[in-house]
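Here is one chain to go through by question and answer. Keep it in view and follow along.

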Amino acid sequence: IIIIIIIMATESNSSSDDSKLTFRTITAAEVDRCSELESISFPPDEAASLQSLQYRQKEASPFFMAAFYKDDDDSDKLIGFCNGTKCFAFTHDTMSVRFQS
């Protein structure tokens, strides 16, 4: 079972151009931005902690993807992310511990 959670920021340019949108796995340096998006998308008691997101990026990086929007200045802005986990059964605990195959 693979569970995916998607977060998208609402601050991206309203006149979007799909050719400016790209997806890839995130780097460790981009986890802070994911944490910002997480905290504005969920109540404090439901949002993943920075440490949890860092753990997911380190231990399950193939399941941690982000959406990037190319700004007018040609820089990539992280506007959303999705992360998942691999598990036999989905529980609250499976989001904290990596399944070993």
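**Cysteines and ground rules**

Colleague: Is Cys82 buried or exposed?

Modeller: The cut-offs decide: buried is under 20% relative accessible area, exposed is over 50%, and partly exposed lies in between, with a 1.4 Å probe and protein chains only. Cys82 has a relative accessible area of 19%. That makes Cys82 buried.

Colleague: What kind of model is this?

Modeller: Residues are numbered from 1 along each chain as its sequence is written, and side-chain values use heavy atoms, without hydrogens or water. Local features need pLDDT of at least 70, side-chain atom pairs count only at pLDDT 80 or more, and totals for chains, interfaces and linings use all residues, since the model is predicted.

Colleague: How many disulfides does the structure hold?

Modeller: A disulfide needs a pair of cysteine sulfur atoms within 2.5 Å. The sulfur of Cys82 is 9.6 Å from the closest cysteine sulfur, in Cys34, so it is too far for a bond. Cys34 is in no disulfide, and Cys34 is buried at 0% relative accessible area. The disulfide count is 0.

**Overall layout**

Colleague: Which pattern does the protein chain follow along the sequence?

Modeller: Helices (H or I, at least four residues) and strands (E, at least two) are DSSP runs, numbered from the N terminus. The protein chain has 2 helices and 4 strands. Read in order, the pattern is β-β-α-α-β-β.

Colleague: What share of the protein chain's contacts, between residues at least 6 apart in sequence, joins residues at least 24 apart?

Modeller: Contact means heavy atoms within 4.5 Å. The set is limited to pairs at least 6 apart in sequence. The share that joins residues at least 24 apart is 63%.

Colleague: What percentage of the accessible surface belongs to carbon and sulfur atoms?

Modeller: Areas come from the Shrake-Rupley method with a 1.4 Å probe; for residues, only the protein chains shown count as cover. Of the 101 residues of the chain, 32% count as buried. The accessible surface comes to about 6500 Å². The carbon and sulfur part is 54%.

**Core and rings**

Colleague: Which ring has the charged end of Arg24 over it?

Modeller: A charge sits over a ring if NZ of Lys or CZ of Arg is within 6 Å of the ring centre and within 35 degrees of the ring normal. Arg24 is 4.1 Å from the ring centre. The ring is that of Phe68.

Colleague: How many Å apart are Leu21 and Lys77, C-alpha to C-alpha?

Modeller: Leu21 lies in strand β2 (residues 21-25), and Lys77 lies in strand β4. Leu21 is partly exposed at 28%, and Lys77 is partly exposed at 27%. They are 56 residues apart in sequence. In space the separation is 9.5 Å.

Colleague: What is the phi of Asp74 near?

Modeller: Asp74 is in the loop between β3 and β4. Asp74 is exposed, with a relative accessible area of 54%. Its phi is positive, in a residue other than glycine, and near 70°.

Colleague: Which residues is Ser75 in contact with, leaving aside its neighbours within four places in sequence?

Modeller: Ser75 is also found in the loop between β3 and β4. Ser75 is partly exposed, at 31%. Its contacts are Tyr69 and Lys70.
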